[in-house]
Every structure is written in structure tokens, then in C-alpha cells.
Amino acid sequence: MQDDIRRFGKKDIILIAVIIAASVIAAFIAFTTSHEGSTVVITVSGEEYGRYPIDTDRVITVDTGSGINEITINNGEAYVSYADCPQGICAHHKPVSRSGESIICVPHEVVIFIESEDFEGGYDAVSG
Amino acid sequence: MRKALCVILSALFILPACSCGAGMKRYTRIITGYFDTATSVTAYDISDEAFEEHISEFEVLLKDYDELYSIYDDVEGINNLKTINDNAGIAPVTVDQKIIDLLLYGRECYELSDGKVNICFGSVLRIWHQYREEDANTLPGEDELSEALLHTSIDDLVIDEAASTVYLQDPLMSLDVGAIAKGYAGKMICEYASEHLWHDAAVSFGGNVITFGNKNADGHTPWNILIENPDLDSEDEFLTVKTTDNCVITSGDYQRFYIVDGKRYCHIIDPETLFPASNFTSVTVICDDSALGDLLSTLLFIEDQEEGLSLIESLDGVEAIWTDQEYNVTYSSGALNYAG
């Protein structure tokens with residue numbers, strides 16, 4: 001209807017500017033708060049043993065009752081620094097840091113898993 | 001016009017905030033204690049409660065198949081593969097249909113592989129298993145292995161489908177389904193899971209990966225599957241496969257092995273030499289049937305490159321990647337569509 005068509009004016013420009021500004025701020029927040037490999041989660045026989053931020057260096061000694069696994073978090077990655085399981089496969093595994101990566105000690109049922117908000121760069125499963 | 005502009009701009013503002021399919025959240029759980037390995041599930045579900053319920057159901061299935069297909073553990077009240085082995089030459093054993101189905105599939109595998117993948121090879125495999133477990137500093141003797149070979153005939157496996165019984169005619173023979181059990185059980189479990197538990201999931205049964213639906217539950221993003229680097233000393237990422245509704249199954253020599261005089265002896269035994277196969281350090285098969293994929297990854301690990309490549313090229317929709325002992329990688333013609 002003729003009456004509703006008004007000229008594109010100042011109010012419209014302000015509205016568009018506000019919405020764009022809000023989008024930019026939201027995107028900025030989204031991109032800066034998600035980062036790779038934020039938490040190292042350790043479980044023993046399916047029960048959560050602990051959660052540790054990957055950017056804080058520490059050594060965690062897990063005594064499972066059937067054996068020991070020592071996990072080191074250093075320089076933004078986690079690895080098994082010592083294990084007394086028969087083959088020591090977990091101790092040979094390369095350090096993990098990306099979302100979805102894990103190191104598993106099958107005989108001791110110890111799982112070290114990297115959890116983070118950023119899934120895009122992460123793996124969904126490992127075939128090997 | 002201003003109203004329309006408002007609506008459009010507001011929608012653009014809101015949409016980027018959710019990367020998952022509407023209302024779905026991503027969960028990952030790693031389950032140990034079954035099939036002598038770890039099983040990981042990455043799935044999209046509607047809530048924490050729903051996921052806990054579904055993963056419990058999943059674990060029940062895992063336990064069920066693990067108990068039935070075990071050749072090492074007795075399970076009270078259940079006749080499993082160990083029960084069949086313990087009764088070799090003695091009597092038929094009544095078993096669950098899931099065991100009948102696995103063994104019938106095993107027979108098919110024998111035909112498909114010209115006898116190279118043989119679920120009745122237990123007497124030979126058991127010897128190697130023992131040496132590995134004890135981390136012996138010697139190899140099994142040729143005599144020991146040749147004697148065991150005499151008790152590996154698939155014709156001595158008697159399956160009575162009507163009575164639901166299995167009987168091993170030769171008292172010295174035994175079943176070993178290691179080459180196909182995870183792939184077969186995984187297939188059965190995921191058929192159930194995709195119908196009743198989750199629309200979108202990537203499951204790894206000790207490295208046998210089965211995927212259905214999509215990453216992000218968005219109807220189009222492929223799953224991102226990492227193939228483990230067979231070089232244990234390397235810190236590099238190896239290969240990744242991007243795919244949906246497909247399986248990625250890898251056989252390798254870098255997890256179950258022992259070392260004698262500096263040489264590695266793995267768990268996949270070539271039935272012709274009676275010794276571990278050593279052409280490759282890793283073979284990955286990509287196909288939509290994980291039971292077939294498990295058979296093929298074992299077969300390709302044993303066969304030489306030419307035979308294996310020829311077989312894969314003859315199969316529609318199946319691709320493979322071979323890594324030899326010098327870490328040279330060979331792709332089947334379609335493998336690069338998925339991998340890189």
C-alpha cells in the first residue's frame with residue numbers, strides 16, 4: 001500500500017548498523033573463546049578420574065590397582081611418561097593435544113582424552 | 001521493506017551461533033573392558049540424560065557380543081566360543097544365534113579369501129599368542145607350527161542351524177575369530193544403534209570405525225577419521241578420511257607384537273608360511289560393510305600388493321590404503337576421494 005512505503009532513512013541505517021555490530025561482536029567472542037584441546041580428561045575403568053586444563057603443566061600419577069600410569073601435561077600436550085603395563089604401548093603413543101585425540105592403556109583401562117569446544121579441527125574417531 | 005530487512009538481518013545474526021543440527025549436542029565416550037580393546041562412541045543426542053540412557057544400552061550390546069565371541073573367558077550360564085573350543089571332539093554345543101551367524105559368516109570369509117582368512121586356525125594362532133604374551137625371546141619351532149596346522153580344517157566345523165549347535169570334529173582344533181569378530185559385532189551393534197539410539201554417530205571398535213549420519217548432525221558434514229600412524233616414533237599426523245555412512249578399518253603390526261633379535265613379529269599370521277605377515281605395517285579398508293572391511297583388511301595385510309590391489313579394484317565401492325615397512329603409501333584408485 002502506498003502509505004507504508006516510506007523513504008529509506010536514518011532509522012533504518014541505525015538499525016542495520018546495530019545488527020551488524022552485534023553480529024561482529026558475537027563472532028569475535030565465538031572465535032576467540034574456542035581453542036584447540038582445552039581439557040585433558042582421564043578415566044579409569046569408565047569412571048572419570050580427573051579433568052585438567054591442557055595449558056597448565058602437571059604430572060598425574062594414576063594407580064589403578066592393576067598398575068600405574070603416569071601422565072604428563074606439558075607445553076599444551078599430554079602423554080604417558082611412565083606405565084608398567086606389559087607392552088607399554090600407551091607410553092609409546094605420541095603426545096595428544098587436539099579435540100578427539102586419545103591415548104588408551106587397554107590392560108589398565110586408563111583413557112586419556114582431549115575434550116574441547118572446537119570440534120572442527122578435531123577427529124571424530126581413530127582407525128588403527 | 002524495513003520489517004523484512006529486520007527479519008533477514010536478525011536471522012543472519014542468530015544462525016551462525018549453532019553449528020549443530022537443531023537441539024543436538026555432541027558427546028564422546030570411550031569404553032574399555034570389551035574385545036580386549038577400547039571402543040569409542042562420538043554421537044549427537046538431545047540431552048545428557050538421553051545420551052547416558054543410550055550409551056548404557058550400547059554398552060549392554062557390547063558386553064553381550066564380547067561374552068559370546070570370547071575364546072579366552074568362561075562366562076557363567078553362557079555357551080560361548082570358548083565352550084565350543086573346550087568341547088572339540090567331545091560334543092556339539094548349543095549356542096546363541098549370534099554365534100551361529102558369526103560362524104556362517106566365517107565360512108563365507110574362508111571362501112572369499114581362498115582359505116587365507118580361516119576361523120578354524122586357532123591351533124596355530126594360539127601358539128603365536130602364547131609366545132607374544134610371554135614376550136618370549138625365541139620363535140615357535142617349524143615342527144610345532146606344522147603339527148598345529150594339521151588341525152585347522154574348516155570342514156571339521158559342523159554347524160547345525162536347525163538345532164542351533166556347533167561341533168568341532170577334531171579334538172585338537174579350535175576357533176579363533178580375531179580377524180572378523182570386531183567387524184562383525186560392530187556391524188550388528190551399529191545396525192541397532194542407528195535405528196534405536198542415535199541418528200548421527202562415529203564408533204570405533206578398537207580401531208574398526210563405523211559411521212552413520214553426519215558430523216554436527218547437520219545432514220551434510222562428513223566425519224573426520226584419523227588413520228593411526230604406524231610409525232610409533234613419529235609425531236606426525238598420518239592420514240585422515242572424510243566420509244559418511246561408511247567404515248574405516250585398519251589392520252596393523254604396531255600394536256600386538258613381540259620382538260626377537262630386533263625384529264617385530266605381529267599377530268596376523270600368513271597361513272602359507274605359518275609366520276606373521278610382514279609385507280605391510282598398516283592396511284586400511286574403506287567400505288560400507290564393517291564385517292567385509294574387517295575380512296578385507298586382514299586379507300590385504302597377508303596378500304602381496306599386486307593381489308590385494310587387483311582384488312580391491314574389482315570390488316565396487318571398496319577402497320584401500322597400504323603402508324609398507326618403509327612407510328611408502330599406496331592408494332587404490334578411489335581412495336584419494338576420501339583420504340589425504
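Modeller: A polar contact is a pair of N or O atoms within 3.5 Å, and within protein one must be able to donate a hydrogen and the other to accept it. By that rule, 16 residue pairs are in polar contact across the interface of chain B and chain A. The model is predicted, and both residues of each pair are at pLDDT 80 or more.

Colleague: Which elements of chain B give two or more residues to the side that touches chain A?

Modeller: They are α1 (2-14), β1 (25-34), β2 (37-45), β6 (201-205), β8 (223-227) and β10 (247-252) of chain B. The largest share comes from α1(B), with 6 residues. By class, this side of chain B has 18 nonpolar, 15 polar and 9 charged residues.

Colleague: Why is A:R98 with B:E237 called a salt bridge?

Modeller: The closest N and O atoms are 2.9 Å apart. The cut-off is 4 Å, so the pair qualifies. The count between chain B and chain A is 3 salt bridges.

Colleague: How many residues does each chain bring to the contact, and what area is buried?

Modeller: Chain B brings 42 residues and chain A 32. The area buried between them is about 3,300 Å². Carbon and sulfur atoms give 57% of that area.

Colleague: Why quote an area at all?

Modeller: Because the size of an interface is often given as the accessible area lost when the parts come together.

Notes
Residues are numbered from 1 along each chain as its sequence is written. Chains are lettered from A and ligands numbered from 1 in the order in which they are written. This is a predicted model: local features need pLDDT of at least 70, side-chain atom pairs count only at pLDDT 80 or more; totals for chains, interfaces and linings use all residues. Side-chain values use heavy atoms; hydrogens and water are left out. Contact means heavy atoms within 4.5 Å. Buried area is the accessible area (1.4 Å probe) that two parts lose on being put together, summed over both. A salt bridge is a side-chain nitrogen of Lys or Arg within 4 Å of a carboxyl oxygen of Asp or Glu. A polar contact is a pair of N or O atoms within 3.5 Å; within protein, one must be able to donate a hydrogen and the other to accept it, and residues adjacent in sequence count only if both atoms are side-chain atoms. Helices (H or I, at least four residues) and strands (E, at least two) are DSSP runs, numbered from the N terminus. Ala, Val, Leu, Ile, Met, Phe, Trp, Tyr, Cys and Pro count as nonpolar, Asp, Glu, Lys and Arg as charged, and the others, Gly among them, as polar.
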